[in-house]
Amino acid sequence: MHIHKFEKIWLTFGIATLVMFLSVVGVSAFYMGNQPPSCNLTIDPEKVDTQEPFDKPGLTKVEGKEWDYQLVYVASAFSYNPMKVQVPLGAKVKVIATTKDVIHGFQVAGTNINMMLEPGYVSEFTTTFDKPGEYLVVCNEYCGTAHHLMQSTIEVTE
């Protein structure tokens with residue numbers, strides 16, 4: 001069977017692209033640890049304010065865990081609670097967040113923290129803040145007319 005020269009080129013290009021795509025996905029999933037969030041952690045959106053840890057949003061030091069601090073956020077109606085938080089430089093922080101009303105985004109600009117907050121589900125992300133400065137937390141999922149006003153600040157201090 002004879003395959004035309006151009007068909008061989010396109011076939012080679014397609015296979016090479018597929019191998020490259022699978023390599024990128026494999027490195028991202030296994031080496032960098034990026035995996036889809038699990039839906040194991042659920043919460044009643046109407047009782048968020050009364051259930052731990054969301055009854056006391058903010059930064060708390062923890063003992064006996066793989067991380068040093070726990071940073072709890074609650075999103076609702078164009079605001080994050082807390083509005084501003086200070087995190088020590090070099091601290092390993094587990095960010096735990098949920099929402100009470102609609103789908104919100106949770107992106108910390110300048111970092112790799114990017115979560116989707118859905119009512120009834122708890123999102124988690126563990127990271128280390130290695131650079132001092134102020135990091136803006138923004139909602140990157142359209143949530144209504146005042147979506148552009150929804151923000152918070154994480155200040156990393158020495």
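A salt bridge is taken here as a side-chain nitrogen of Lys or Arg within 4 Å of a carboxyl oxygen of Asp or Glu. The side chains of Lys94 and Glu124 meet this rule, with N and O 3.2 Å apart. The model is predicted: local features need pLDDT of at least 70, side-chain atom pairs count only at pLDDT 80 or more, and totals for chains, interfaces and linings use all residues. Residues are numbered from 1 along each chain as its sequence is written, and side-chain values use heavy atoms, with hydrogens and water left out.

Helices (H or I, at least four residues) and strands (E, at least two) are DSSP runs, numbered from the N terminus. Burial is judged by relative accessible area: buried means under 20%, exposed over 50%, and partly exposed in between (1.4 Å probe, protein chains only). Lys94 is buried, at 12%. Glu124 is partly exposed, at 36%.

In total, the structure holds four salt bridges. One of them joins Asp49 to Lys100, with the closest N and O atoms 3.0 Å apart. This pair links distant parts of the chain, 51 residues apart. Asp49 sits in the loop between helix H1 (5-31) and strand S1 (58-61), and Lys100 in the loop between strand S5 (92-99) and strand S6 (104-108). Asp49 is partly exposed, with 46% relative accessibility. Lys100 is also partly exposed, with a relative accessible area of 30%.

Another salt bridge connects Lys84 and Glu134, whose closest N and O atoms are 3.4 Å apart. Lys84 belongs to strand S4 (residues 84-88) and Glu134 to strand S9 (residues 133-138), so the pair ties together parts 50 residues apart in sequence. Glu134 is exposed, with a relative accessible area of 54%. A network of salt bridges links Lys84, Glu134 and Glu155.

Aromatic contacts come next. Rings of Phe, Tyr and Trp (its six-membered ring) pair if their centres lie within 6.5 Å; planes under 30 degrees apart count as stacked, over 60 as edge-to-face and the rest as tilted. This rule gives five aromatic pairs. Tyr80 and Phe106 form an edge-to-face pair, 5.6 Å centre to centre and with 90 degrees between the planes. Tyr80 lies in strand S3 (residues 79-81) and Phe106 in strand S6, 26 residues apart. Both Tyr80 and Phe106 are buried. The centres of Phe129 and Tyr135 are 5.9 Å apart and their planes stand at 50 degrees, so this pair is tilted. Phe129 is buried at 3% relative accessibility, and Tyr135 is buried at 12%. Ring pairs also join Tyr73, Tyr80 and Phe106 into a cluster.

A charge sits over a ring if NZ of Lys or CZ of Arg is within 6 Å of the ring centre and within 35 degrees of the ring normal. Lys61 provides such a case: its charged end sits over the ring of Tyr69, 4.8 Å from the centre.

A nonpolar core is a set of buried Ala, Val, Leu, Ile, Met, Phe, Trp, Tyr and Cys residues joined through side-chain atoms within 4.5 Å. The largest such core has 24 residues. Those with the most contacts inside it are Tyr73, Tyr80, Val93, Val95, Phe106, Phe129 and Ile154. Two or more residues each come from strand S2 (69-76), S4, S5, S6, strand S7 (114-117), S9 and S10. The largest share, four residues, comes from S2. A separate core has seven residues, among them Ile43, Val72, Val74 and Ile96. Contact means heavy atoms within 4.5 Å. Beyond its neighbours within four places in sequence, Val95 touches residues including Leu71, Tyr73, Phe106 and Glu124 by this rule.

The cysteines complete the description. A disulfide requires a pair of cysteine sulfur atoms within 2.5 Å, and the structure holds zero disulfides. The sulfur nearest to that of Cys139 belongs to Cys143, 3.9 Å away. Cys139 is buried, with a relative accessible area of 7%. Cys143 is buried too, at 14%. Cys143 lies in the loop between S9 and strand S10 (151-157). Leaving aside neighbours within four places in sequence, Cys143 is in contact with Phe78, Val102, Ile103, His104 and Met150. The C-alpha atoms of Cys143 and Val102 are separated by 6.7 Å, although these residues are 41 apart along the chain.
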